[in-house]
Amino acid sequence: MNHHSVRLPIAVTALTCAVLASPAAAQTEITPPASAVTASANDGNTPANTVDNSLATRWSANGNGQWLQLDLGAVQSVGAVKVAVYNGNSRRNRFDLQVATVLGAWTTVWTGESSGTTTSEQTYDFDDVDARWVRYLGRGSSDPSKPQMNSVTEVSILAGGVVVPTATPTPTATPTLTPTPTPTSPGGSPVTDGWTRASWTYKMHTPWNLPVSDRFKYENGVWTCWIFKNDQPQYEGGGGARSELRWLNDYSSGQRMWDADMYLVSGSHEVTVQQVFGGVTHSTASQIRGFNTDGGTLRRYGSQLLVSGIYDKWVNVKVAHDANANVVRQYVNDVLKTTEPDRGNTTHYFKNGTYVGSISSQRSECRFRNIQMWRK
């Protein structure tokens with residue numbers, strides 16, 4: 001284990017895919033040296049032990065809220081953290097992972113507990129975020145003799161844009177995705193005149209306690225996402241139930257267009273099927289949802305009708321976002337349906353799949369083909 005090397009992820013194709021792109025990006029580690037690692041306290045097992053490439057040493061401190069902090073030296077994009085738990089094959093650590101660009105202004109990006117099945121590092125993945133400081137905030141462990149003890153042997157920080165499997169409580173088999181290298185349709189329309197096709201990559205967001213194959217498959221050029229209303233969220237203890245492609249092509253300026261054929265399966269209701277994620281006043285710049293009214297409808301959020309009578313039929317949807325002008329345009333079968341302001345300048349990315357809430361149908365499914373990204 002070398003904290004300052006570039007390592008290829010194991011079985012990375014299980015959770016990610018590159019379309020019209022070069023091979024998947026390497027897993028770049030940006031863990032700082034021992035001099036940049038501090039802690040709220042220790043019992044003689046010092047914080048520097050967590051970056052010494054040894055599972056035989058550790059940091060430990062007793063008490064809910066004890067923390068281990070890593071200073072990256074400058075603001076960088078962070079996409080995942082690896083943590084190895086002391087005696088991790090017999091105890092589960094409870095903890096939060098937090099980031100900050102201004103010291104003290106912490107944002108929690110992951111919360112939960114380790115699997116209790118291994119002493120090796122496990123990967124905790126989250127949406128890419130800018131950070132200078134990364135903090136492990138300890139909440140104790142499942143060890144009944146030391147319920148407030150926080151003990152960690154190794155920590156590794158992975159750069160944003162990295163594609164890694166999400167940590168799950170127990171090892172589960174996941175499918176290998178082999179998407180077609182090019183779309184099966186020509187990909188041109190009057191709407192895309194003046195635009196240039198661009199490569200795109202994604203990772204899957206699915207319930208934390210299930211293998212990806214239980215809620216997603218790629219077969220014969222079709223991406224299929226399905227979800228049940230009572231499924232667990234992506235991370236234990238937070239978020240909504242989803243099976244989504246989270247695109248890794250983040251942007252904050254220029255123009256991007258999401259383009260795909262969409263097939264909403266009968267009965268799916270109150271399900272989000274496409275998003276331009278990222279906004280200031282709200283979390284999304286735009287959103288398309290499917291409903292069980294009028295033979296299946298797509299709406300902008302829950303209000304403005306885009307198209308009806310689309311259950312079990314392929315329909316082309318394009319969503320063009322001008323991040324410079326702060327405008328989102330939604331098209332159905334190349335007909336402009338809405339022109340609306342986005343929700344403020346920030347980092348944006350696309351999502352598509354199935355994302356449900358408490359009033360959604362018991363089961364929702366949406367399929368996608370000929371997925372493309374355009375830019376200008």
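This is a predicted model: local features need pLDDT of at least 70, side-chain atom pairs count only at pLDDT 80 or more; totals for chains, interfaces and linings use all residues.

Residues are numbered from 1 along each chain as its sequence is written, and side-chain values use heavy atoms, with hydrogens and water left out.

Start at β7 (93–100). Strands here are DSSP runs of E with at least two residues, numbered from the N terminus. Seven of the eight residues of β7 are buried, so the strand is largely enclosed by the rest of the structure. Buried means under 20% relative accessible area, exposed means over 50%, and partly exposed is in between (1.4 Å probe, protein chains only).

Who are its neighbours? Two strands pair if DSSP finds at least two bridges between them. β7 runs antiparallel to β9 (residues 122–141), with seven bridges joining them, and Q98 stands opposite R135 of β9. β7 also runs antiparallel to β8 (residues 107–113), this time through six bridges; here F95 has G112 as its bridge partner. β7 and β8 form a hairpin with six residues between them, and G104 in that turn has a positive phi of about 100°.

Now for the loops. N87 sits between β6 (67–85) and β7. Its phi is positive, near 55°, though N87 is not a glycine, and at 31% relative accessibility N87 is partly exposed. N53, in the loop between β4 (37–39) and β5 (59–62), is another non-glycine with a positive phi, about 65°. N53 is partly exposed too, with a relative accessible area of 37%.

Methods. Helices (H or I, at least four residues) and strands (E, at least two) are DSSP runs, numbered from the N terminus.
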